[in-house]
Amino acid sequence: IRLDDDLVDRFRRLVETTGANIVLSTYWRHFRDYIAYILSNHGIPEERILGSTPGFNRSMKGRKASDDQEYSSRAQEIIELG
């Protein structure tokens, strides 16, 4: 995974400043442990990731991150996790 260092730094500051927690709701949700590891390498504690939205299924095979149906369910899933 390739992350833009200045954007991750902004995200880290946002998390630190606000005390925000993270819910993964993109196709990254299927790789939670790996994303937590990568973000921790950028100074974002792994425990900040509260969870991930379930999506329609656990497999992303044949799916796209830009899929409208996949996108439309995320807001409700995040609310339910909170």
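**View 1. Salt bridges of the predicted model.** The structure holds three salt bridges, a salt bridge being a side-chain nitrogen of Lys or Arg within 4 Å of a carboxyl oxygen of Asp or Glu. Side chains of opposite charge can pair when their charged atoms come close. This is a predicted model, in which local features need pLDDT of at least 70 and side-chain atom pairs count only at pLDDT 80 or more, while totals for chains, interfaces and linings use all residues. Residues are numbered from 1 along each chain as its sequence is written, and side-chain values use heavy atoms, with hydrogens and water left out.

View 2. Arg 12 pairs with Asp 9, their closest N and O atoms being 2.3 Å apart. Asp 9 also forms a salt bridge with Arg 13, with 3.4 Å between the closest N and O atoms. A further bridge links the side chains of Glu 16 and Arg 12 at 2.9 Å, N to O. Through shared partners, these salt bridges join Asp 9, Arg 12, Arg 13 and Glu 16 into one network. Arg 12 and Asp 9 are separated by about one helical turn because they are three residues apart in helix 1; Glu 16 and Arg 12, four residues apart in that helix, are likewise separated by about one helical turn. Arg 12 is buried, with a relative accessible area of 19%, whereas Asp 9 is partly exposed at 28% and Glu 16 is partly exposed at 48%. Here buried means under 20% relative accessible area, exposed over 50%, and partly exposed in between (1.4 Å probe, protein chains only).

**View 3. The buried side of helix 2.** Helix 2 spans residues 32-41; helices (H or I, at least four residues) and strands (E, at least two) are DSSP runs, numbered from the N terminus. Its buried residues are Ile 35, Ala 36, Ile 38 and Leu 39. They lie on the same side of helix 2 because they cover an arc of only 165° around the axis, taken from the directions from the helix axis to the C-beta atoms. These buried residues pack against helix 1 (5-18), strand 1 (22-24) and strand 2 (49-52). Just after helix 2, Gly 43 takes a positive phi of about 90°.

**View 4. A nonpolar patch on the surface.** Ile 1, Tyr 27, Phe 31, Tyr 34 and Tyr 37 form this patch, with about 540 Å² of accessible area together. Patches consist of residues with over 30% relative accessible area and no salt bridge; like charges are joined within 9 Å, and nonpolar side chains (Val, Leu, Ile, Met, Phe, Trp, Tyr) within 5 Å. Accessible areas come from the Shrake-Rupley method with a 1.4 Å probe, and for residues only the protein chains shown count as cover. Tyr 37 belongs to helix 2 and is partly exposed, at 45% relative accessibility.

**View 5. The surroundings of Leu 3.** Leu 3 lies in the segment before helix 1. Apart from its neighbours within four places in sequence, Leu 3 is in contact (heavy atoms within 4.5 Å) with Val 8, Trp 28, Ile 38, Leu 39 and His 42. Leu 3 and His 42 are 39 residues apart along the chain, and their C-alpha atoms are separated by 9.8 Å.

**View 6. Confidence along the chain.** The protein averages a pLDDT of 80, pLDDT being the predictor's confidence in each residue, from 0 to 100. Confidence is highest in helix 1, at 96, and lowest in helix 3 (residues 68-72), at a mean of 61.
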